[in-house]
Structure formats: C-alpha cells, structure tokens
Amino acid sequence: MEQYQVTGMSCAACSSRVEKAVSAVPGVTACSVSLLTNSMGVEGTAASADIIRAVEEAGYGASLKGAAAKAGASPSWADAEALKDHETPKLKKRLLFSVPVLLILMYFSMGHGMWGWPAPAAFDNLVFLGLFELLLAVAVMIVNGKFFTSGFSSLFRGAPNMDTLVALGSGASFLYSLAELFLMILAQGTADHATVMKYGMNLYFESAAMIPTLITIGKMLEAMSKGRTTDALKGLMRLAPKTAVLLRDGAETVVGIEEVRTGDVFAVRPGEQIPVDGVILKGITAVNESALTGESIPVDKAEGDAVSAATMNQQGYIECRATRVGEDTTLAQIIRTVSDAAATKAPLARIADRVSGIFVPAVIGLAFLTLIGWLIAGKPFSFAIARGISVLVISCPCALGLATPVAIMVGSGVGAKTGVLYKTAAALEGAGRTQMITLDKTGTVTEGQPRVTDVIPLDTDRNGLLSLAASLEKNSEHPLAKAVAAEAEGLALSEVTDFEALPGHGLRARLDGKELVGGSLKYLASRGPVSESVSAQANALAEQGKTPLLFALDGKLRGLIAVADPIKQDSAQAIRELRDMGIQTVMLTGDNERTARAISAQAGVDRVIAGVLPEGKADVIRKLKPLGKVAMVGDGINDAPALTVADSGIAVGAGTDVAIDAADIVVMKSRLTDVTAAIRLSRATIRNIHQNLFWAFFYNAICIPLAMGLYGVEMKPMYGAAAMALSSFFVCMNALRLNLVDPHDPRHDRKEKTIPAEALEEIVAAESIKEEKAMKKTLKVEGMMCMHCEARVKKALEAVPGVESAVADHAAGTAVVTLAAPVADEALRAAVEAQDYKVLGVE
C-alpha cells in the first residue's frame with residue numbers, strides 16, 4: 001500500500017469525493033481516505049503521478065508520503081510532520097480576531113437593539129446600526145473566508161461539502177440582511193419609519209458572522225481532539241533515536257541516525273537508547289523493551305542476542321552490528337503498521353461513507369424545501385429563510401465521517417502500546433466478532449522448549465538427584481539432556497568416565513567406578529527390576545504428555561525426572577477468559593492424540609484435532625468458518641496457510657518480526673493472554689464506533705427536523721451553528737475514552753453470540769474420523785524416548801515419497817504414517833532405521 005498526504009479536505013463529503021476520484025484511476029484496485037489523518041492509502045499498479053492528478057482534478061492536493069526519503073535520507077516514518085497539528089494555530093488566529101469583533105456586533109445588535117444596553121446616540125438610528133453590523137459581519141466573514149472559497153468552489157464543481165453548508169447558511173443570512181438594509185435605506189428616504197422599524201428587527205448580520213465563528217470554534221476543538229487521537233503514533237515516532245555512536249578504526253564517532261548502514265558496528269552505554277536493530281558482538285546487559293512490547297521487565301542480553309531500535313540499554317556497555325536500519329527496523333515496522341491501519345477503512349465505516357456521499361446535497365435540498373414549505377404555509381419570508389438557514393448550519397456530515405476513523409486510530413494506538421498490532425482497520429473490527437479460536441499447540445499454548453517439570457527423588461534429595469542426572473546428561477547433545485542440565489545449573493556436578501550414548505535408549509557412564517545409567521522406563525527395566533510404584537509414576541507422567549527419565553547408580557534406582565514442553569503460565573487463564581467471552585476453542589496440532597489430549601486438559605481447551613499437517617489446519621478452518629467467525633492463533637511461520645484462511649489470523653510471539661504477512665494481527669510477546677487482550681480491545685473499539693455512529697445519526701435525525709421548525713420551535717441559525725460545532729467534538733472526545741480501556745482487564749467481559757456446541761462437535765468428530773480412515777500404516781518402533789525422538793522419526797518418514805504425514809508416539813512405541821500413494825514397508829523401515837531406531841513390525 002502506498003500512502004499519500006491529502007490537503008484541502010474539510011469533511012466526510014470531501015474524503016468521499018477524493019476516494020471516488022482515485023478509485024476511478026486505471027490500475028487502482030483499492031483506495032481508502034482518512035479524514036482523521038488527512039491521508040490516503042492506495043493499492044494497485046497505477047502511477048503516483050496519475051493518482052495525484054486525479055486528486056487535484058477533484059479540487060484537492062496530494063503528495064506521496066516519504067517521497068523525499070531516499071537511501072541515506074531521514075526515514076519518512078520518523079518524520080512526524082504529517083501528523084503535526086497545523087490547523088489549530090491557524091484557527092486560533094482566526095478566532096483571536098473573530099470573537100472580539102463578534103462580541104461587539106452582538107452587543108449592538110442584540111444587547112442594544114433588543115435589550116436597551118447603553119450605546120452612543122447614533123446607534124438609535126436603525127439604518128446606522130444596520131450599516132455598522134454590516135461592516136463588522138463583513139470583517140468576520142473575510143477572516144473566515146476559507147469556508148466561502150472552499151464551500152462555493154466545491155458547489156460549483158458539483159461536489160458540495162460541509163464548507164458549502166456553512167457558506168450557504170452564512171451567505172444567505174448576509175444577503176437577506178443586505179437586501180433588508182437597502183429597503184430600510186429607501187424607506188428612511190421617504191420617512192417611512194414603520195417600514196424601517198419592521199425590517200430593522202429582521203436583520204441577521206449577527207448570524208452571518210456568528211455561523212462561521214462558531215464553526216471555527218468547533219473546528220478548533222475538533223482539531224485539538226483529533227490531534228490527541230494520534231498521540232500514540234506520534235509517541236512511537238518520538239521514540240526514534242536521532243544519533244548513533246559508530247566504531248570506526250577503533251574510535252567512536254557520533255553520527256546522525258540516517259548515516260547508519262547495515263553492517264556498521266555501534267556502541268551503546270548504560271542509560272542510552274539502542275539506535276537501530278542489531279546483534280550484540282561484545283558485552284552483557286539488560287535491555288528495557290517496553291517501548292516495543294509493553295513489557296517493563298528488562299530482558300537479559302548477551303553476545304549473539306538481537307536488540308531493537310528505541311529500546312533502552314540499562315546495565316552494561318555493548319557493541320553491536322547493525323542488521324536493520326531506517327524503515328526496516330522493528331520500530332519503523334510498528335509505526336508503519338499503525339499508520340496503515342489508520343489509512344484503511346473498517347467495514348462499519350462504509351455505511352457512514354455511503355451516507356456522507358449524499359448527505360450535503362440532501363441537506364441543501366431539505367433547506368430549500370423548508371423555505372418553500374413555510375412560504376406555502378403562509379409564513380413571512382423572514383421566518384422561512386431563518387428556518388432554511390438553520391437546516392443548513394445544523395447539519396453535520398463530519399460527525400458521520402469521523403465516527404469510525406477516530407475510534408480506529410485510538411484503538412490501534414492503545415494496542416501498539418500493549419504490544420498488539422492490528423494491520424488494518426478491518427482486522428481491528430474483525431477480531432471483536434470472533435466466535436471461535438483455533439490454536440496451534442507448540443509455541444502457542446506451550447512454551448515450545450523442553451524443560452524439567454517433575455523431580456521425584458527415591459534414595460536421595462532433589463538436588464542430589466538433579467546433580468547426579470546432570471553429571472550424566474551434560475555430556476549429551478540431546479534436547480532432553482540439555483533441559484536436565486539447565487535445571488541443575490548452579491549445582492556441583494561430578495565428572496564421569498566411559499560415557500556412552502545409546503540412541504533410543506539412554507545414557508551410560510561410570511561415576512567413581514560405579515555404573516551410572518539414565519533413560520526410559522523400558523531401558524531401566526531391561527537392566528534390572530523396577531518397582532510397580534515407580535512404573536505407575538512413570539506411566540502417569542507419560543499420560544500427562546511428559547517424558548519420564550529414570551536414573552540409577554550402581555544398580556540402585558535414585559529417582560525420576562520428567563521433561564516436557566509445558567504449557568505457558570498464562571495459557572489456562574487465557575482459555576478461561578476466552579470461554580467467559582463466549583468463544584469456543586479448538587487446538588489443531590500435528591502431535592499424536594495422547595500428547596494433544598494431555599496438553600488440552602491442562603490448558604482447558606474445549607476440543608482437539610490431532611495429527612493435522614499445516615495444510616490440513618487450513619482445510620479444518622474452511623469447514624469451521626460456516627459456523628461463525630474463526631480466528632487462528634499460531635506462530636506465523638508453520639501456520640501461515642491457516643492464518644491466511646481464517647477470518648482473523650493472529651501471530652503470537654512475533655518479537656521483532658512484526659511484518660508477518662500471513663497474520664492480520666501481530667502480538668509482539670508470547671503471552672496467550674495478549675490474544676484475549678486483542679479481542680477485548682477490538683470489542684471496546686466496536687462499541688465505541690457504534691456509540692459514535694448512533695450519536696451522528698441521532699443528532700442529525702433530531703436536529704434537522706428541529707431546525708426545520710417541525711416541532712414548533714423557532715431555532716435561530718446561530719443556535720444551529722453552535723450545535724453543529726459541538727457534534728464533531730463530541731465524537732472525538734468519545735473516541736478518546738478508549739485510552740482508558742485496559743485490554744487485560746477481564747472484569748467487563750460478557751458472552752456475545754456463540755457457536756452451537758453440537759454443530760462444532762460434528763465437524764471435530766468428522767475430522768477425527770477422517771484421520772482414522774485415511775490410508776495409513778503403523779510402524780512398531782523401538783528406541784524412541786521423547787518428543788525429539790518423535791520429531792526425528794516423523795521427519796525421516798515424511799521424507800519418503802508417497803508419505804503425506806507421520807505421527808510418532810514414543811510412549812506407545814509407534815509411528816502412524818498417512819499415505820498419499822502406495823509405499824513399500826521396506827522403504828518405511830529403512831527410513832526409520834537410518835536414524836538408529838529399530839522397526840519391530842509394520843501393520
């Protein structure tokens with residue numbers, strides 16, 4: 001998507017016209033114009049020159065964002081000039097002149113003329129008073145001339161906007177009063193004092209001046225509140241460091257951030273911001289990444305670890321090599337994501353856009369009908385023209401146009417501050433409508449890394465067992481061995497001799513002349529008797545999806561250590577919160593049924609479909625979508641097909657990779673509760689949009705008939721102008737309430753429309769039966785000890801031509817192969833045995 005800055009827009013009718021003009025350019029496939037940020041996002045193959053020409057022919061200005069940013073130049077994302085509030089200072093200057101002049105005008109026209117406030121004797125002459133009001137009104141109208149130049153030029157182009165309504169209302173008041181003033185002068189020339197008195201009471205010069213002044217006040221309030229809605233985006237831009245300390249020929253050189261290139265080596269001292277994304281070459285430190293992830297706890301970093309621009313180095317001196325600079329840094333991608341979301345339109349906005357496109361012409365027509373209707377009803381022209389002017393100035397298309405984008409901008413900003421990035425406005429709206437979430441297991445529900453979950457000593461204490469086990473396991477490269485060694489970090493370890501790794505069985509060595517062995521229950525049982533209680537404990541751990549490892553010294557069993565890929569600390573809480581929101585959960589995993597069931601039971605997931613390939617996950621989601629809105633939560637890499645197919649694709653644990661193409665929503669951290677936060681924030685934003693749209697429609701539905709005089713109320717045009725001025729301000733201020741929303745607070749969760757459990761159960765059951773009925777073979781495999789052995793066997797089998805998928809289960813000692821074509825048993829056997837496992841049979 002290419003983004004453009006658009007100038008000259010004043011209301012929703014303007015943005016609608018620009019969007020229509022650009023959409024008509026050959027090669028443009030999509031166009032979205034944001035009145036809030038005065039920006040436009042365009043997709044397609046059309047040249048930027050053609051797009052800019054179309055905008056200019058529509059009567060507005062346009063320029064390509066970041067057109068000046070070339071290699072070596074300041075990156076456009078760091079330039080907050082486009083979001084800077086240029087309007088408020090201009091409006092303040094206009095008001096500094098308009099308000100005092102208007103107050104003087106009001107004093108003499110209403111204070112003196114109607115209520116007898118003191119004034120020089122000359123003002124008792126109504127013609128003199130009328131001429132004085134005329135001069136003051138002209139002065140105010142000239143200062144606020146933008147309404148008239150923009151309004152009438154739009155009218156002449158056949159695309160009237162809000163400025164047209166203001167210009168017509170103020171202009172009609174002025175011209176009507178000017179005509180009556182001429183009649184007063186003629187009457188005074190013939191000494192017809194009664195006619196002078198009659199027309200003198202019907203002058204609307206104060207309305208002609210007050211209408212543009214009040215609208216300017218409203219515009220200023222709107223500009224100020226709109227400016228606050230982009231605070232989050234501007235805050236991200238302010239985070240961008242301005243300088244970096246490069247190491248060149250052993251010396252430190254301070255350069256502008258735009259001079260840093262990929263591969264440069266830079267230094268960062270404690271308390272300084274990291275200037276660009278890079279990798280630590282030297283030093284150890286702790287980095288506060290709250291600017292990007294919202295997580296305030298510093299993250300320890302050492303050589304080889306990645307660091308990101310705008311994060312804070314809190315402890316040690318580090319030297320890093322730049323890997324991503326300019327618009328490629330993580331911060332730049334976050335800013336671009338939030339900016340793109342603001343430049344797109346939510347589906348809800350389309351309703352307001354359609355109404356806004358015809359709103360102004362309809363209001364002009366209503367004003368004309370009001371004038372004619374009251375004249376036909378026998379009312380004097382002064383009464384009828386006042387009602388018509390009131391209709392013009394009270395109608396507000398801006399509230400309609402701003403109802404959605406201001407809420408989207410604030411919602412996106414709140415999300416960015418908490419580490420949740422919505423790529424488009426549709427993604428922000430769509431997440432809140434989610435009725436079912438499908439979850440990947442590894443790395444999403446679980447941590448994705450094996451670690452020790454249970455330590456059960458038998459003839460020693462906990463530390464003694466860990467020390468004994470780690471003394472053996474430290475010599476192995478197996479992932480399970482690394483998990484045990486990590487758990488024993490800090491304990492005193494012994495040196496072993498005659499170390500031997502027995503693939504698929506375990507480890508063996510000698511400690512102080514005694515034999516030390518460790519491995520599976522089956523392996524230890526083959527070397528000596530294992531009590532029934534220990535066997536029961538080991539089997540119970542296996543049922544929980546864990547891998548039990550037994551350790552014996554000199555033939556005597558010393559204890560069990562269970563290793564597993566445990567569920568994340570917040571997974572169960574997140575699933576519970578999703579259930580409280582009325583959202584069904586389904587876990588899709590390529591793991592075997594036993595492990596998947598164990599993990600789902602711990603996390604509280606409603607349903608499980610196991611043994612599913614990445615492409616198969618996408619097929620399952622396609623079948624679930626007719627039931628309701630489906631979101632897929634995964635890591636954004638292996639789950640890309642499913643993320644793309646789902647109504648909302650949510651990538652968790654993205655870290656610095658925020659540009660995951662397949663996902664609609666990117667969660668920076670690996671917390672599953674951030675997924676519930678994304679949905680919660682989306683729902684709050686949708687409610688806010690509904691409130692804004694209700695107000696915008698309700699305001700116009702009530703106020704337009706009121707201004708027409710249908711309720712028996714004779715509304716003065718100036719009151720209509722005041723109401724119009726406040727309506728847009730109300731919408732913007734209501735959107736700002738989203739800043740008070742805590743996306744992680746579940747207290748206000750409520751169940752919305754849910755998917756019938758019976759219908760979901762049918763599809764899940766059908767998928768499970770489908771897996772069972774597929775063309776399969778089962779291999780009896782000896783030697784698998786853990787999930788990593790399973791992964792090794794799985795990879796070997798899936799490399800065999802004709803094998804569609806394989807699911808290995810070390811606890812059952814089987815590998816179930818799904819075939820896409822006939823495959824010889826010997827080919828399967830050879831693939832497994834090449835990995836040092838023994839195949840006992842093929843069924």
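Helices (H or I, at least four residues) and strands (E, at least two) are DSSP runs, numbered from the N terminus. The model is predicted: local features need pLDDT of at least 70, side-chain atom pairs count only at pLDDT 80 or more, and totals for chains, interfaces and linings use all residues. Residues are numbered from 1 along each chain as its sequence is written, and side-chain values use heavy atoms, with hydrogens and water left out.

Figure 1. The C-alpha atoms fill a box of roughly 130 × 70 × 50 Å, taken along the principal axes. The radius of gyration is 36 Å, whereas a compact globule of 843 residues would have one near 28 Å; the radius is taken over C-alpha atoms, and the globule rule is 2.2 Å times the number of residues to the power 0.38. Of the 843 residues, 54% count as buried (under 20% relative accessible area, with a 1.4 Å probe and protein chains only). Among contacts (heavy atoms within 4.5 Å) with a separation of 6 or more, 70% come from residues 24 or more positions apart.

**Figure 2. An open sheet of 4 strands in the order β2-β3-β1-β4.** The pairing is antiparallel; two strands pair if DSSP finds at least two bridges between them. β2 (28-34) and β4 (61-64) are the edge strands, each pairing on one side only. On average, neighbouring strands of this sheet are turned by 25° against each other, direction ignored.

**Figure 3. Strand β1 (residues 2-7) beside β4, and the helices on the sheet.** β1 and β4 pair in the antiparallel sense over 4 bridges. Y4 stands opposite L64 in β4. Helix α1 (residues 12-23) packs on the sheet and touches β1, β2 and β3 (39-44); the direction of α1 makes about 165° with that of β2. Helix α2 (residues 48-57) also packs on the sheet, touching β1, β2, β3 and β4, and its direction makes about 160° with that of β4. Axes are lines fitted to C-alpha atoms, for helices over the stretch in contact, and angles run from 0 to 180 degrees between N-to-C directions.

**Figure 4. Helix α13 (residues 381-394) against helix α26 (residues 717-736).** The two axes come within 8 Å and cross at roughly 10°. α13 and α26 are therefore roughly parallel to each other (angles under 35 degrees). A386, I389, S390, V393 and I394 of α13 make the contact with P717, G720, A721, A723 and M724 of α26. By class, this contact has 8 nonpolar, 2 polar and no charged residues; Ala, Val, Leu, Ile, Met, Phe, Trp, Tyr, Cys and Pro count as nonpolar, Asp, Glu, Lys and Arg as charged, and the others, Gly among them, as polar.

Methods. Angles under 35 degrees count as roughly parallel, over 145 as roughly antiparallel, 65 to 115 as roughly perpendicular and the rest as oblique. Buried means under 20% relative accessible area, exposed over 50%, partly exposed in between (1.4 Å probe, protein chains only).
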